[in-house]
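Please open the model in your viewer and keep the selection tool at hand.

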Amino acid sequence: MTELSVVIVGGLHADARKAAVERLLADVPGSVVLHHDLATAAAGTVVRTVRDATGLLSAGEAPLVNDCACCALREDLVPELLRIREAGGTRMAVVELWDSVEPKAMAEVVTAGGLTVTGVITAVDPALVLPYLGNGDDLADRGLAAAATDQRTVADTFARQLEYAPVLAVAESEDADDEDRELLAQLHPTARRVPIGHGDPAGAPADDLTVPVPRRRRLTPLARAALAGFDVESAAAAQHPACALLPAEADAHGVATLVWHRRRPFHPERLYEALEDITCAAARSRGRFWLADKPDVLLHWDAAGGALCVESAGPWLASLPDAAWDMVPPVRRAAAALDWHAEHGDCCQHLVFTSPGLDRDGLARLLESCLLTDAEYAAGRDAWKRLPPAFDTLLEV
């Protein structure tokens with residue numbers, strides 16, 4: 001049986017996503033596109049289609065699972081991919097995700113099903129990056145919710161789609177300027193950005209990856225990226241707040257990234273009072289932070305569209321007994337080692353803010369004002385734990 005390469009293409013920018021899918025379909029002989037349309041969920045089903053370069057091959061419906069369109073997609077995706085593989089004759093299956101479906105969950109579902117994900121791509125229009133990051137509307141209000149209980153917003157969904165994928169298919173856009181392209185580059189500096197549009201960009205580099213293709217057809221940059229390989233575990237680790245690959249300091253074309261790293265905990269009340277100003281200071285901010293009244297808990301900061309999500313990501317490694325370290329993934333231990341401090345271990349503030357027009361100095365001063373003062377810090381952990389628990393409501397403690 002010929003191994004089937006599964007490539008996941010997603011993104012809220014529907015026109016860019018469709019352009020990327022069509023490009024892959026045209027570039028790789030023996031490929032098909034599998035798509036589940038969640039827009040039909042109101043009728044109680046999800047519509048599935050499979051097509052190749054010549055047109056529609058099959059269509060069907062999957063019933064909702066627990067009134068959840070995304071759950072229906074999860075249940076139907078792997079069996080359909082296995083059917084395609086067993087039928088033979090297909091080299092690559094492009095899974096085109098519906099607008100608000102996030103690639104992380106689907107990549108993990110496909111891999112758990114025994115199939116090989118060779119690429120995850122998010123398609124973007126540079127001119128739409130800032131408008132989508134600034135859109136705090138609920139997906140439900142835009143007709144984009146994947147379930148009746150879906151409480152995500154446009155901004156946070158787009159941010160996760162963008163930051164998870166190692167490859168960004170970047171659409172040609174007459175409306176995009178240098179600031180738009182710089183924002184995209186700073187938000188995900190490690191991504192491979194592949195232009196898509198009318199033909200390959202002039203002067204495209206020679207193949208840097210050998211992939212067997214019928215008739216020795218030369219692969220385009222997007223096709224090479226789609227078949228380059230993908231590691232689900234590494235991708236998940238890169239998003240975990242304890243070891244995330246966060247952007248670095250940058251300042252170009254009116255866009256800046258501030259990396260704020262400190263080894264003193266926040267005063268819970270002062271930070272809580274400043275949350276709105278901090279959250280609204282940048283189009284996107286994320287990272288990990290340390291609260292004085294919860295000194296053993298690693299907290300995740302995730303903000304976009306003027307909204308902030310704060311949640312516990314478990315204990316800092318410094319808070320674990322030595323015997324528990326063997327159960328911690330190596331990548332987590334390596335990340336902690338880079339941050340290790342003789343007194344506090346890996347406990348720290350590591351927040352990253354990216355935005356056009358970012359007031360770096362003003363934001364840094366605001367963050368500094370939320371840290372413990374020298375006297376508060378000197379009082380020690382027992383005193384810290386008695387500080388008012390201002391974040392208990394946000395953390396649902």
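Sorted by class, the lining of the largest cavity holds five nonpolar, no polar and four charged residues, where Ala, Val, Leu, Ile, Met, Phe, Trp, Tyr, Cys and Pro count as nonpolar, Asp, Glu, Lys and Arg as charged, and the others, Gly among them, as polar. The model is a predicted one, in which local features need pLDDT of at least 70 and side-chain atom pairs count only at pLDDT 80 or more, while totals for chains, interfaces and linings use all residues. Residues are numbered from 1 along each chain as its sequence is written, and side-chain values use heavy atoms, with hydrogens and water left out.

To display this lining, select Ala242, Arg288, Leu298, Trp316, Arg332, Ala335, Ala336, Asp339 and Asp346. A cavity here is a set of points, on a 1 Å grid over the protein atoms alone, where a 1.4 Å probe fits but cannot get out, whereas a pocket is an open set with protein on both sides within 12 Å along at least five of seven lines; lining residues have an atom within 4 Å of a point. In total, three cavities of 30 Å³ or more are counted.

Now select Glu163, Leu187, Pro247, Arg284, Ser285, Arg286, Val352, Phe353 and Thr354, which line the second largest cavity, with a volume of about 40 Å³. Strand E11 (284-289) and strand E14 (349-356) each supply at least two residues of its lining, which divides into four nonpolar, two polar and three charged residues.

**The largest pocket**

Which residues lie nearest the centre of the largest pocket? Select Asp156, Arg160, His300, Asp302 and Glu311, which have that position among the 28 lining residues. The volume of the largest pocket is about 590 Å³. Helix H5 (154-164), helix H3 (103-112), E11, strand E12 (297-304) and strand E13 (307-315) each supply at least two residues of the lining, and H5 gives the most, with five. By class, this lining comprises 11 nonpolar, seven polar and 10 charged residues.

**Two helix pairs**

Select helix H9 (residues 268-279) together with helix H11 (residues 360-369): they pack at an angle of about 160 degrees, with their axes 9 Å apart, the axes being lines fitted to C-alpha atoms, for helices over the stretch in contact, and angles running from 0 to 180 degrees between N-to-C directions. H9 is therefore roughly antiparallel to H11, given that angles under 35 degrees count as roughly parallel, over 145 as roughly antiparallel, 65 to 115 as roughly perpendicular and the rest as oblique. Show Arg270, Ala274, Asp277 and Ile278 in H9, which meet Leu363, Leu366, Leu367 and Ser369 in H11, contact meaning heavy atoms within 4.5 Å. The residues of this contact divide into five nonpolar, one polar and two charged.

Finally, select helix H2 (residues 69-87) with H3, which pack at about 40 degrees with their axes 10 Å apart and are therefore oblique to each other. Cys70, Leu73, Arg74, Leu77, Val78 and Leu81 in H2 meet Ala105, Met106, Val109 and Val110 in H3, and this contact has nine nonpolar, no polar and one charged residues.

Methods
Grid points are joined across faces, edges and corners, and a volume is the space filled by probe spheres set on the points. Helices (H or I, at least four residues) and strands (E, at least two) are DSSP runs, numbered from the N terminus.
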